[in-house]
Amino acid sequence: MVLLDLQGQLRRMSDAAVIRFILDGELIEVDNVDPTRTVLQYLREDLRRMGTKEGCAEGDCGACTVVLAELRRDGKGVELKAVNSCIQFLPTLDGKELITVESLVNGEELHPVQKAMVDYHASQCGFCTPGFIMSLFALYETNPNPDRLDIDDALAGNLCRCTGYRPIITAALEMGFLPRQTWPDRTMALKKIQRKESLQIEYQGRRFFAPENCAELASLLQQYPGATMLAGGTDVGLWVTKQHRELDVVIYTGKVAELCELQVTATHIDIGGAVTLSEAVPIVVEHYPGFDELFRRFASPPIRNAGTLGGNIANGSPIGDSMTAFMVVGTSLVLRCGDAERDVMLDGFYHDYMTNDLQPGEFVVRIKIPLPTENAVVSSQKWSKRFDQDISAVCTAYRLVVDDGTVSSFRMACGGLAATVSRARNTEAAVVGQPWTEATIENACQAIAADFAPISDMRASANIRLQASQNMLRRFFAETQDEELETVYMYGRQR
Ligand SMILES: Cc1cc2nc3c(=O)[nH]c(=O)nc-3n(C[C@H](O)[C@H](O)[C@H](O)COP(=O)(O)OP(=O)(O)OC[C@H]3O[C@@H](n4cnc5c(N)ncnc54)[C@H](O)[C@@H]3O)c2cc1C
Ligand code: FES
Ligand code: FES
């Protein structure tokens, strides 16, 4: 590790194997490091910065939350995002600023977020506190006047076992009334450390590549068809921290320019394979408000700041949420292998448990979500044990078109029920051509049993899952009858 003054010489600027980032206003260069070493391990074990804590090491508790500042893709300044350092690999810091709880203290003076936590007695044992501070710091920097719901959402990924949330929320509501401190704008410094050649690390037989464009990515995947593609690492990170897998070749997509593009065309929302959930979700929800609650309950802000839709779709977990929603609106994927691209429908992409249509060396370039049509009602529901930051026991989505009281088109998809997320074809057939009535829905509920062989696990038994999916369909029907019902079902939370 080398610490360099930013004004000084960048001694190894041309070295493709050196990870460079900013910490406390200084340039840090790291080389000769295991590329799957986590940011948390690096902070605690290498730098001995012990403020950032380890609770679960799987992105669930928020004790390890840090904030990353990175250049906006539109070139307009810097954006700050909370992430879980326990599942972020160190090389993904390259070109960014890392902010930890220690970074916030200015001499003897506490940051307003820290001061509010002290003033309102928002910490007891203190183990969770650095994580809460960092999530609140990200909120403080991005939203100067947060309301209660903004605070609840910002803290969805932080667990406190002893203080209780009331004083923490009070501190969050009050932090903005303390004398303001603005985080230094490091746009110029970050521009200086953007690299001209892509990062390539080799460490004791392990390799890490961070290609800068699609052609480079495609060619690397041809060279290493068995490589692990890494996007946000919110699935892959756990393979290392929980399953202790050794990843020999890792290819990171976070710097591939084309994969980071997000645009709305005349017909589609076009989302690059490395666009994060935090970037994509507002656009998706703007066009499909019926997906709002589902994506608000998708993990937590730190996970959504790192995790991508491409990763969610490619990982293909039976409990993945985005595929359920996207399947009913006719989403397709653009895949690339070498120089060849092909389009596939998301419906049909999954063959079996965690098995999809991707061939060796092939990757998701773009996700194409058709824009909504005026006459279709689109909605989704997530059923889990906790409102926030919980994996779905059952997730459902619907797209309905009714003409003169008769259903002309109906699509339903379910996640969490069986080995893959899929459409409910028998249920759909039981509804299409029928009047949109309670009797039709009761009949369709019986068909769900023919569509899925529900699984049993610690989240729910097969029987409960089946009943839940039937009740969710009944709920969708009820919502179409009375708009007010939707907010009642949303646990009383109203935007
Ligand atoms: C605490 C926690 C809560 C979570 N909650 C939810 C939840 O509520 N709902 C939910 O659905 N998921 C949830 N997840 C799972 C995870 O966050 C998502 O699946 C996420 O979208 C994965 O994206 P990623 O960018 O982190 O993928 P990564 O972990 O980087 O990669 C996942 C897989 O996709 C592959 N991959 C990535 N990009 C591409 C590409 N462009 N082309 C081909 N393959 C690619 C990788 O090789 C890997 O196999 C949660 C995870 C955690 C840790
Ligand atoms: S240690 Fe629990 S989220 Fe990272
Ligand atoms: S203060 Fe003890 S866990 Fe939150």
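Analyst: Two residues are in contact if their C-beta atoms, placed from the backbone, lie within 7 Å. In this chain, residues 24 or more positions apart account for 67% of the contacts with a separation of 6 or more. Please note that this is a predicted model, in which local features need pLDDT of at least 70 and side-chain atom pairs count only at pLDDT 80 or more, while totals for chains, interfaces and linings use all residues. Residues are numbered from 1 along each chain as its sequence is written, and chains are lettered from A and ligands numbered from 1 in the order in which they are written.

User: How many helices and strands does the chain have?

Analyst: Helices (H or I, at least four residues) and strands (E, at least two) are DSSP runs, numbered from the N terminus. Here there are 18 helices and 21 strands. The radius of gyration is taken over C-alpha atoms, and the globule rule is 2.2 Å times the number of residues to the power 0.38. The chain has a value of 23 Å, close to the 23 Å that the rule gives for 495 residues, so it is as compact as a globular protein of that length.

User: How is the order of strands in a sheet read, and which strands stand at the edges?

Analyst: Two strands pair if DSSP finds at least two bridges between them. One open sheet of four strands has the order 18-19-20-21, with antiparallel pairing. Strand 18 (377–383) and strand 21 (422–423) are at the edges; each has a single partner strand, so one side of each is left without a neighbour in the sheet. Strand 20 (residues 406–415) is joined to strand 21 by two bridges, and A413 stands opposite R423.

User: Is A156 buried or exposed?

Analyst: A residue is buried if 20 or more other C-beta atoms lie within 10 Å of its own, exposed if 12 or fewer, and partly exposed in between; C-beta atoms are placed from the backbone. A156 counts as buried because it has 24 C-beta neighbours inside 10 Å. Across the chain, 47% of the 495 residues count as buried. A156 is found in the loop between helix 5 (148–154) and helix 6 (165–174).

User: Which residues is A156 in contact with, leaving aside its neighbours within four places in sequence?

Analyst: They are S300, P301, D388 and Q389. The C-alpha atoms of A156 and S300 are separated by 5.4 Å, although these residues are 144 residues apart along the chain.
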